[in-house]
2 protein chains.
Amino acid sequence: MKQVVNAVGRTVPEKIRGIQYTPFKGAFATPPTGKKHAPPMRAVNPGESKLIDLEDAIKTYVKDGMTISFHHHLRNGDFLVNEVLQIAAELGKKDLVLASTALFPCHEPVVEHMKAGVIRRIEGSMNGPVGKACSYGHMKEIATLRDHGGRARAVECGDLPIDVAFIAAPAADDYGNCNGVYGPSACGPLAYSHADSLYADMVIVVTDNLVEFPCVPISIPQITVDHIAEIGVLGDSQQIVSGTTQVTRSPTNIQIAEYVVETIDTLGMIQDGMSFQAGAGGISLSVTAQLGALMEDRKVVGSFGLGGVTKYLVDLLEKGVIKKIIDGQCFDLPSVASLRDDPRHQEISMLYSSAHTKGSIYNKLDLVFLGATEVDVNFNVNVNTHSDGLLLHGIGGHQGPAASADVTFITAPLYRNRIPIIRKEVTTVSTPGEVVDVVVTEYGIAVHPKRKDILQKVKKTHIPVYGIEELQQEAYALCGEPQSPELSEDIIALIQWRDGTLLDTVKRVKED
Amino acid sequence: MKQVVNAVGRTVPEKIRGIQYTPFKGAFATPPTGKKHAPPMRAVNPGESKLIDLEDAIKTYVKDGMTISFHHHLRNGDFLVNEVLQIAAELGKKDLVLASTALFPCHEPVVEHMKAGVIRRIEGSMNGPVGKACSYGHMKEIATLRDHGGRARAVECGDLPIDVAFIAAPAADDYGNCNGVYGPSACGPLAYSHADSLYADMVIVVTDNLVEFPCVPISIPQITVDHIAEIGVLGDSQQIVSGTTQVTRSPTNIQIAEYVVETIDTLGMIQDGMSFQAGAGGISLSVTAQLGALMEDRKVVGSFGLGGVTKYLVDLLEKGVIKKIIDGQCFDLPSVASLRDDPRHQEISMLYSSAHTKGSIYNKLDLVFLGATEVDVNFNVNVNTHSDGLLLHGIGGHQGPAASADVTFITAPLYRNRIPIIRKEVTTVSTPGEVVDVVVTEYGIAVHPKRKDILQKVKKTHIPVYGIEELQQEAYALCGEPQSPELSEDIIALIQWRDGTLLDTVKRVKED
């Protein structure tokens, strides 16, 4: 396997499964080429029913070797991936490529399907046991990981051609118009599946809540849907969205959030028209709550907040602290209710996250606060692998906003469980340091050298400012130098940058 | 030019401009083949502005010979088509194909651009002076007329590739998210332009109402928009939508509407869950009003009404007589307000009208009431040409619902201005008789022979039922036999069926 060193210093193969890969060349160095993927024209005539039995659909349309896709809005409550794969396995299907936007611990049965040859490869985020099994070499082919927008891009440009898309829809009519805001499995937007609905060869909406035609609002329109299958239950509603999300109570995390907000304030960015992305992690929620309180206090009105949406963002909308919410994913029930009832709360397609579209939503962000599993002295961020080398998380929505927002904050404690988080070199590069502006720890902050403007301003405050190496040294002083994981030379997964270039690889871990 | 006789008995050419045409073979006899049109992938990076001056846009992107497109939601109030063509003419552009979804009397300046060679061909509906000029042979190439859904189909499958789409947007942000429900030029949905936004090579949103980012609701998303041009005024708001629409007061038309409603009632179709399409013509409005009153009286609740939306449909929604409105076009201000404020009133893409999509909205219609310029003894309908042969109207939304609804009513008086409307042969076949179920005149109704079920039921009522020839003979008896128009053998326009096959041609009229 011929390998090259890419722009972030990682050695990556030039070819995988006969496909030529471009090594990562820089955050915006590889523009798109070619045309969008073109699915077939297909007509459904008057009188034809689009309803189908799920097993019949799988029997008829899923052929050995095909790529089948799912969205992950049902998160750790999803039943559909397991159900479809179980049926496929029983039907003797094999060598499938599983292109779920993300898999969660509830999808542990996927591991057995990998081992049994039902699945030969996964292209998507693997959170928990499936990633672990992949790390141990239990997947026949090398997996591909992309961030949310990179996955939408790959579907749109044909890098990831989908044969059959299964779209879990909490409310759907018998013609396929569907949404995620009504029904027992309500999850909010169906944003992750928009690209699949547009570009898959065959689109099958699966619902546990078949409603009267026409189902409105229309998140995915009938004109892209081939069939609708009704099943008993789509998922465990307790696990799909939380009843409520909670800010962190950890003093460390609260301190980190305070430093973020103080830095934003120092930069003079708390002003009318400001925009920011808030995730659902404890620190992000804490930043959102603190920032929102400060905005409210100063009567500053922001233009929009971008989700993963939680009640903290919804509260800001309802108080008039922000004017709009742009929503690709809901994390709790108040957010789902807000998306359903408040026209200022707008669902978008995950194609809005793509780098190769006519302007990603991230381009409009002033601020983003993102977490990290590891950060290194080059500001590179790892969110995929733990320090033992195990692939336990997807890239999620990390790369896009990091690359595009005016100021990107990476929040992380100096160490966790006595393992340094700020370190000489990350185990895996999920997001390259060139797009990171400020790393914030409970100990203090480090500013990327290219952001002299930020450095100048924060130096005048009481916020403790360090060089990134100083943070790393402090972490090592407190915990000792971390041991490198024992890894095989075998690549088990590719980490793509949002433009489709190869950012890093993940190596096999020896099973205990 | 080699010609063939198609399934509706018309002689049509096999080839035009080197393009092979399939003759019309029957309403559902020609399924789609091939793939959707694939526009180029394109990236807009952070910091790039998408704003452009309209003249610069035309200078930069419109090349001689290109196809440029517009939507017609601004109807007879539109300024944009004239403005773009004026600039193009001043820049010396020539041989353009004008693919506006429809042109109106306000677009009379287009005639001069045709004569001057700025425009070589029109693909779209021509209402009024432009159609007349085309009839007289003032267009360099043969025009193509399609119904709304056929035009969306042609854009989607690549039969009508669009180089530059200009999308008039009553509200838009600087990234191209836009809608038609806010602003001085508010027109309702932007449905006609959805296909263009998805499939044109270059998409330019033009607005007179640049709003703060993000513009919501999002009718057309930023991810499909290359540029946004701000201009002073998009159109004459008085002409874009009426302040109000009015039902007919003509006793003839009221009688026709009564027969329609009585027939529907006789068929037992006034029942919960019923759906219907209502247009904005006087008879259609009268049917809507009468049918709605009857439904209300009987406490029948319909599932949806399909627009062209008027306040008559909105009233039914607000009274709970229908549950939803599905909206491709608004005709008056109350409809625009309803679309803006009522979540049960849902905008759809004109791709919902395409025959070659995974289920047109028309397939879900129980009933449709459509007008006619002429109807013949084979139930063929002409809505394009007057009996003097002049091309004065587009096909509009005639073909799709006629082909797809359970019962299609064609409403027309027996004669107008002493010219028989029910006649031996229509001047132009816009919609083939095979998809028509009932022709309703003030004199009585005629049922298509294939609908024995309908015939049996209506014969038991007091509704006067005739053979279609009897209606024709009565018309001739009253007005005398109509004279055939004096037409040249030169084809000036093609009438396509909604599946892209050739239904008829329009011949040149000798100019007085």
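Me: What hand does the crossing of α9(B) and α10(B) have, and how do you know?
Reply: The crossing is left-handed. That word applies if the near helix is turned anticlockwise from the far one by less than a right angle; clockwise makes a crossing right-handed. This is a predicted model, where local features need pLDDT of at least 70, side-chain atom pairs count only at pLDDT 80 or more, and totals for chains, interfaces and linings use all residues. Residues are numbered from 1 along each chain as its sequence is written, while chains are lettered from A and ligands numbered from 1 in the order in which they are written.

Me: Why are α9(B) and α10(B) called roughly parallel?
Reply: α9(B) and α10 (residues 311–318) of chain B pack at about 20°, with axes 9 Å apart. Angles under 35 degrees count as roughly parallel, over 145 as roughly antiparallel, 65 to 115 as roughly perpendicular and the rest as oblique. That makes α9(B) roughly parallel to α10(B).

Me: Which residues of α9(B) and α10(B) meet?
Reply: α9(B) brings Leu285(B), Thr288(B), Ala289(B) and Gly292(B), and α10(B) brings Tyr312(B), Leu313(B) and Leu316(B). Contact requires C-beta atoms, placed from the backbone, to lie within 7 Å. By class there are five nonpolar, two polar and no charged residues. Gly counts as polar.

Me: What makes α8(B) oblique to α9(B)?
Reply: Helix α8 (residues 251–266) of chain B packs against helix α9 (residues 282–297) of chain B at about 45°, axes 9 Å apart. So α8(B) is oblique to α9(B). The crossing is right-handed. The contact includes Ile254(B) and Val261(B) of α8(B), and Val287(B) and Leu294(B) of α9(B). Its residues divide into ten nonpolar, four polar and one charged.

Me: Why are α1(B) and α2(B) called oblique to each other?
Reply: α1 (residues 54–61) and α2 (residues 80–90) of chain B pack at about 55°, with axes 10 Å apart. α1(B) and α2(B) are therefore oblique to each other. α1(B) passes α2(B) in a right-handed crossing. Leu54(B), Glu55(B) and Ile58(B) of α1(B) touch Val84(B), Ile87(B) and Ala88(B) of α2(B). By class, that is five nonpolar, no polar and one charged.

Me: What makes the relation of chain A to chain B that of a two-fold axis?
Reply: A 180° rotation with 0.0 Å of shift along its axis superposes chain A on chain B, with RMSD 0.0 Å. That is the relation of a two-fold axis. Ala38(A) comes closest to the axis among the residues of chain A, at 2.8 Å (C-alpha).

Me: How do you know that the copies meet through the same surface?
Reply: 100% of the interface residues of chain A are also interface residues in chain B, so the same surface is used. 49 residues of chain A contact 49 residues of chain B. β17 (302–306) and β18 (322–327) of chain A each give two or more residues to the chain A side. That side has 26 nonpolar, 13 polar and ten charged residues.

Me: Where do the domains of chain A lie, and how many residues of each are in the contact?
Reply: The domain assignment gives domain 1 (52–240) and domain 2 (251–484) of chain A. Their centres, taken over C-alpha atoms, are 29 Å apart. On the domain 1 side, α5(A) gives the most, with seven residues. That side has 13 nonpolar, twelve polar and five charged residues.

Methods:
Copies are superposed by least squares on the C-alpha atoms of residues with pLDDT of at least 70 in both. Two residues are in contact if their C-beta atoms, placed from the backbone, lie within 7 Å. Domain bounds come from an automatic or database domain assignment. Helices (H or I, at least four residues) and strands (E, at least two) are DSSP runs, numbered from the N terminus. Axes are lines fitted to C-alpha atoms, for helices over the stretch in contact, and angles run from 0 to 180 degrees between N-to-C directions.
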